[in-house]
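Subject: Handing over a structure, with notes

Dear colleague,

I am passing on the structure below, and I would be glad if you kept it open while reading. The notes after it set out what was found.

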Amino acid sequence: MKLFRQAAEQGYVHAQLSLGNRYLSGIGVAHDVADAARYLCLAADQGDVDAQCWLGFLCEHGHGTKSDLGIHTPLYPTIQF
């Protein structure tokens with residue numbers, strides 16, 4: 001986990017997304033939604049679509065973040081069929 005954290009702090013989007021997902025699921029780390037939201041936010045800010053979806057879901061439901069329906073909507077990427 002130390003290497004994942006170092007990579008995430010250095011801006012590697014895949015490490016940020018992976019850590020966010022690990023904190024959400026509790027795999028390899030203690031379950032911590034606030035830490036998950038922090039790492040997902042870092043990845044979402046870099047344009048990672050998966051992180052944007054997860055962060056939008058967390059914001060929508062107030063998990064690890066303040067629930068605000070006006071904030072989560074732009075985080076969900078536009079889906080085209």
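The mean pLDDT of this predicted protein model is 81, and 77% of the residues reach 70 or more, where pLDDT is the predictor's confidence in each residue, on a scale from 0 to 100. Among the elements, helix α2 (residues 13-25) has the highest mean pLDDT, at 95, whereas helix α5 (residues 69-72) has the lowest, at 48. Because the model is predicted, local features need a pLDDT of at least 70 and side-chain atom pairs count only at pLDDT 80 or more, while totals for chains, interfaces and linings use all residues. Residues are numbered from 1 along each chain as its sequence is written, and side-chain values use heavy atoms, with hydrogens and water left out.

Overall make-up

The protein has five helices and zero strands, and from the N terminus on its elements run α-α-α-α-α; helices (H or I, at least four residues) and strands (E, at least two) are DSSP runs, numbered from the N terminus. Of the 81 residues, 32% count as buried, a word that stands for under 20% relative accessible area, with exposed meaning over 50% and partly exposed lying in between (1.4 Å probe, protein chains only). Of the contacts with a separation of 6 or more, 32% are accounted for by residues 24 or more positions apart, and contact here means heavy atoms within 4.5 Å.

How the helices pack

Two packed helices are described by the angle between their axes and the distance between the axes. The axes are lines fitted to C-alpha atoms, for helices over the stretch in contact, and the angles run from 0 to 180 degrees between N-to-C directions.

The axes of α2 and α3 come within 8 Å and cross at roughly 160°, which makes α2 roughly antiparallel to α3. For such labels, angles under 35 degrees count as roughly parallel, over 145 as roughly antiparallel, 65 to 115 as roughly perpendicular and the rest as oblique. The α2 and α3 crossing is left-handed, meaning that the near helix is turned anticlockwise from the far one by less than a right angle, whereas clockwise would be right-handed. On the α2 side the contact includes Val 13, Leu 17 and Tyr 23, and on the α3 side it includes Val 33, Tyr 39 and Leu 42. The residues of this contact of α2 with α3 divide into eleven nonpolar, three polar and one charged, where Ala, Val, Leu, Ile, Met, Phe, Trp, Tyr, Cys and Pro count as nonpolar, Asp, Glu, Lys and Arg as charged, and the others, Gly among them, as polar.

Helix α3 (residues 33-45) and α4 also have axes that come within 8 Å, and these cross at roughly 140°, so α3 is oblique to α4. Here too α3 passes α4 in a left-handed crossing. The contact is made by Val 33, Ala 37, Leu 40, Cys 41, Ala 43 and Ala 44 of α3, together with Ala 51, Gln 52, Trp 54, Leu 55 and Leu 58 of α4. These residues of α3 and α4 divide into ten nonpolar, one polar and no charged.

As for α2 and α4, they pack at an angle of about 35°, with their axes 10 Å apart, and α2 passes α4 in a left-handed crossing. Leu 17, Asn 21 and Leu 24 of α2 make this contact with Asp 50, Ala 51, Trp 54 and Leu 58 of α4, and the residues divide into five nonpolar, one polar and one charged.

Individual residues

Cys 59 has its place in helix α4 (residues 49-61) and is buried, with a relative accessible area of 8%. Cys 59 and Ala 37 are 22 residues apart in sequence, and their C-alpha atoms are 8.8 Å apart in space.

Ala 7 is found in helix α1 (residues 2-9) and, at 19% relative accessibility, counts as buried. Once its neighbours within four places in sequence are left aside, Ala 7 is in contact with Tyr 12 and Ala 15. Tyr 12 is found in the loop between α1 and α2 and counts as exposed, at 52% relative accessibility. Tyr 12 lies 31 residues from Ala 43 in sequence and 8.1 Å from it in space, C-alpha to C-alpha.

Gln 6 is also found in helix α1 and counts as partly exposed, at 37% relative accessibility. The C-alpha atoms of Gln 6 and Gln 16, ten residues apart along the chain, are separated by 9.8 Å.

With kind regards
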